[in-house]
Amino acid sequence: MVDFGLRDLGYKYVILDDCWQNMQRSPNGSLVANSTKFPDGMKAVADKIHDMGLLFGMYSSAGMYTCAQYPASLGHETTDAQTFASWGVDYLKYDNCYNQGQEGTSKLTFDRYKTMSQALNKTGRPIHYGMCNWGKDYPWNWAQTIANSWRMSGDVYDSFDRPDDRCPCTTYDCQLPGFHCSIMNIIGKVAPIVDKGQPGAWNDMDALEIGNGGMTDDEYKVHFSMWAMIKSPLIMGTNIPKMTASTYSILANPAVIAISQDTAGTPAVRVWNRRADLDEYDQGSISLWVMALSGGDYVIALLNAGNTELQMNATLEEIFIDKATTAGGATKGPLPSSKGWELYDLWANRMDDVTANSVLHGNMTMNGTLQVTSNSGMFYNATEMTYADGIKKNHTALLGVKTSSVDPMGTISAMVPRHGVALYRLRAQGGAAKERRDEL
């Protein structure tokens, strides 16, 4: 992660999942790391990760056992939180297996997860608290006061839109979240609840499957784009040392990461969703998503989940429908649709395979830092300059490539591949983009 420049793009957490511990607690009741897997113990692991400028994530469950049937933290919250803090843990993924039936109402689940939240806070160590209760009992309605993120669906799997009986729900109102939920299944479920996310408390759509081999390149671009648009945590779930050039160039696209990290913290909204040509799984839709950014920019995603390449169109009136329909919106000055806008393609600067392979083979790394030119459109170092500052300076790698403009009350059109996305940053004509300069 360090040598590949991923840390400096913002991928800070190294998160350990299930199966790290012994099958029995110690005589004093604390969790114990498996000495075969981790002979130097967990604090040594955390120290090594911290020495690389990264943060360390740990796993447990709000049940008697973890999902793999190791000891978990229900009834041991104070002891386990203190253990995690003593090891130097910075992130806790807190699962929902073997919960002793303590669910079924929002109050039951809230109280169970609140206990660990309070225990973590009492340690005095800042620990990101990631609830993983799969959307049971509607966590988006109550988790903001106790957690930093909450899983809103059953587990993702590496498929674009294949239905699976083990993920039986297609809406957020789900009594059996299951697992093997496709990318489009999760996007469809989160669409009505995107507004529940806010800075410091996010809908978690599960880890990224990019690079695991089950989808096409265009489908993986949709996956990454929409997770960024909806402000889901971007947690890589592939074998990083063995990633391919195409995988790396998706995960390392700073223009897309920048919209995920925008300081406004406003998730994208689905403006419309329509049926399209059905694929082999009888699935097919097209949709328009819009996100407001800090500084007055916007991002739109034209998502083609249909079976054929399509020309997709979005009018400025559609894009800015919220501004026109908000109480008093038309009386607060000119609507955004009455302006002209410049379009910046956020995938146009995607790293080519030759450059990506050079990074992956260590040919561009010195002392753990990628050696790149300051005006590069493919690289960005968020350790040296925040995304917010980079946008203010109109850094090429964050803005994307200006492709066209749209007149007032006009229409944006794009050819979008099957199971693909067109992703644009919109900047008002006459704004900062007119005086664009490229800086690191």
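**Entry 1: helix H4**

Helices (H or I, at least four residues) and strands (E, at least two) are DSSP runs, numbered from the N terminus.

I wrote down the buried residues of H4: Ile-183, Met-184, Asn-185, Ile-186, Ile-187, Lys-189 and Val-190. Their cover includes strand S6 (202-204), H5, strand S8 (285-292) and S9.

A note on where this comes from: I am reading a predicted model, in which local features need pLDDT of at least 70, side-chain atom pairs count only at pLDDT 80 or more, and totals for chains, interfaces and linings use all residues. Residues are numbered from 1 along each chain as its sequence is written, and side-chain values use heavy atoms, with hydrogens and water left out.

**Entry 2: H4 against H5**

Two packed helices are described by the angle between their axes and the distance between the axes. I looked up both for helix H4 (residues 183-190) and helix H5 (residues 217-229): the angle is about 20 degrees and the axes are 11 Å apart. Axes here are lines fitted to C-alpha atoms, for helices over the stretch in contact, and angles run from 0 to 180 degrees between N-to-C directions.

H4 and H5 are therefore roughly parallel to each other. The cut-offs are under 35 degrees for roughly parallel, over 145 for roughly antiparallel, 65 to 115 for roughly perpendicular, and oblique for the rest. H4 passes H5 in a left-handed crossing; that is, the near helix is turned anticlockwise from the far one by less than a right angle, while clockwise would be right-handed.

Which residues meet here? From H4 I found Ile-183, Ile-186 and Ile-187, and from H5 His-223, Met-226 and Trp-227. Contact means heavy atoms within 4.5 Å.

**Entry 3: helix H2 and its neighbours**

Next I turned to H2, where Glu-77, Asp-80, Ala-81, Thr-83, Phe-84, Ala-85 and Trp-87 are buried. These buried residues pack against helix H1 (42-51), strand S2 (55-61), strand S3 (91-95) and helix H3 (106-122).

The axes of H2 and H3 come within 8 Å and cross at roughly 45 degrees. That makes H2 oblique to H3. H2 passes H3 in a right-handed crossing. At this contact, Glu-77, Thr-78, Asp-80 and Ala-81 in H2 meet Thr-115, Met-116, Ala-119 and Leu-120 in H3.

Thr-78 also belongs to H2, and at 48% relative accessibility it counts as partly exposed. Just after H2, Gly-88 takes a positive phi of about 90 degrees.

**Entry 4: aromatic rings**

How many aromatic pairs are there? The count comes to 14. Rings of Phe, Tyr and Trp (its six-membered ring) pair if their centres lie within 6.5 Å; planes under 30 degrees apart count as stacked, over 60 as edge-to-face, and the rest as tilted.

Phe-84 and Trp-87 have ring centres 6.2 Å apart and planes at 55 degrees, so this pair is tilted. Both residues lie in helix H2 (residues 77-87), three residues apart, about one turn of the helix. An α-helix has 3.6 residues a turn, so residues three or four places apart point the same way. Both Phe-84 and Trp-87 are buried.

For Tyr-298 and Phe-320, the ring centres are 4.8 Å apart and the planes are at 80 degrees, so the pair is edge-to-face. This pair links distant parts of the chain: Tyr-298 is in strand S9 (residues 298-304), and Phe-320 is in the loop between helix H8 (316-319) and helix H9 (321-325), 22 residues apart. Both Tyr-298 and Phe-320 are buried.

I also noted one aromatic cluster formed by Trp-20, Phe-84 and Trp-87.

**Entry 5: positive phi**

Most residues other than glycine have a negative phi, and most peptide bonds are trans. His-180, which is not a glycine, has a positive phi of about 60 degrees. I found His-180 in the loop between strand S5 (149-151) and H4, and at 24% relative accessibility it counts as partly exposed.

Asp-206 also has a positive phi, near 90 degrees. Asp-206 lies in the loop between S6 and H5, and it is buried, with a relative accessible area of 13%.

Definitions and conventions: Buried < 20%, exposed > 50% of the residue type's maximum accessible area, 1.4 Å probe, protein only.
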